[in-house]
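Subject: Structure handover

Hello,

Here is the structure I promised to pass on. Please open it alongside this email. My notes follow below.

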Amino acid sequence: TCHLVTEQVQYTKGLHVWKVKVHKARDGVCVGVCPHNRQAGWWYSSMGYTYRNATGKETSVTGEPCEPFTTGDCIAVRLDCDAHTLQFAKNDSPSHATFTRIPAFALCPAAKVKGEKFNKRDVQFLHEEGATGSTTLTPLHENFVVTAAATATAA
């Protein structure tokens, strides 16, 4: 089973940056964006690849393999709604993956966690606060939604 975790916020314009702290990777994690409460979206998988899907089922790997991630890692996500791009980076390193031509519709921060046992705290959405040189990470929102999805084929 794959559990979808989405934030209540939806982005349609501007530049948005957040991080997803992986507290427990379980059988695999994907971090990305999707329309609210839908499996379709653009994803960076803990298994080391990116993909997009339109139906909620994984359809194809897009681009080059990426560095895998696991429990304890923090994935930065940069969504530029105006430039129609989506970038991912692991543990503050340079960008690991970039999507271009992201459609202009409302997208929300999301994560998918694969596994039978699941706790909504397995992943945590964070944003940066503070002045230059002094940055703290705080929860993006506490109003996220967890949806159990159909059995997944890959993380």
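Is F88 buried or exposed? F88 has a relative accessible area of 1%, so it is buried. (Buried means under 20% relative accessible area, exposed means over 50%, and partly exposed is in between, with a 1.4 Å probe and protein chains only.)

Before the rest, two points on reading the model. This is a predicted model, in which local features need pLDDT of at least 70 and side-chain atom pairs count only at pLDDT 80 or more, while totals for chains, interfaces and linings use all residues. Residues are numbered from 1 along each chain as its sequence is written, and side-chain values use heavy atoms, with hydrogens and water left out.

Confidence
The mean pLDDT of the protein is 74, and 70% of its residues reach 70 or more. (pLDDT is the predictor's confidence in each residue, from 0 to 100.) Treat residues 130-155 separately: pLDDT there is below 50. Beyond near neighbours in sequence, that stretch has 74 contacts in the model. (Contact means heavy atoms within 4.5 Å.)

Fold
The protein has 13 strands and zero helices. (Both are DSSP runs numbered from the N terminus: helices are H or I, at least four residues, and strands are E, at least two.) Of its 155 residues, 46% are buried. Take the contacts between residues at least 6 apart in sequence: 63% of them join residues at least 24 apart.

Cores
The largest nonpolar core has 27 residues. (Such a core is a set of buried Ala, Val, Leu, Ile, Met, Phe, Trp, Tyr and Cys residues joined through side-chain atoms within 4.5 Å.) Those with the most contacts inside this core are W18, V29, V31, L79, L86 and F88. Strands that each supply at least two of its residues include β2 (15-22), β3 (29-34), β8 (85-90) and β11 (123-129). A second, separate core has eight residues, among them L4, C30, W43 and Y49. In soluble globular proteins, nonpolar side chains tend to be buried together.

Aromatic rings
Five aromatic pairs turn up in a search of the whole structure. (Rings of Phe, Tyr and Trp, taking the six-membered ring of Trp, pair if their centres lie within 6.5 Å; planes under 30 degrees apart count as stacked, over 60 as edge-to-face and the rest as tilted.) Y44 and F88 make a tilted pair, 5.5 Å centre to centre with 50 degrees between the planes. Y44 sits in strand β4 and F88 in strand β8, 44 residues apart. Both are buried. F88 also pairs with F99: the planes are at 80 degrees and the centres 6.4 Å apart, so this pair is edge-to-face. F99 counts as buried because its relative accessibility is 8%. Ring pairs link Y44, F69, F88 and F99 into a cluster.

K112 lies over the face of W43, 4.5 Å from the ring centre. (A charge sits over a ring if NZ of Lys or CZ of Arg is within 6 Å of the ring centre and within 35 degrees of the ring normal.)

Cysteines
The search of the whole structure finds zero disulfides. (The cut-off is a pair of cysteine sulfur atoms within 2.5 Å.) C34 is in no disulfide, and its nearest cysteine sulfur, that of C108, is 4.4 Å away. C34 is buried, at a relative accessible area of 0%.

Regards
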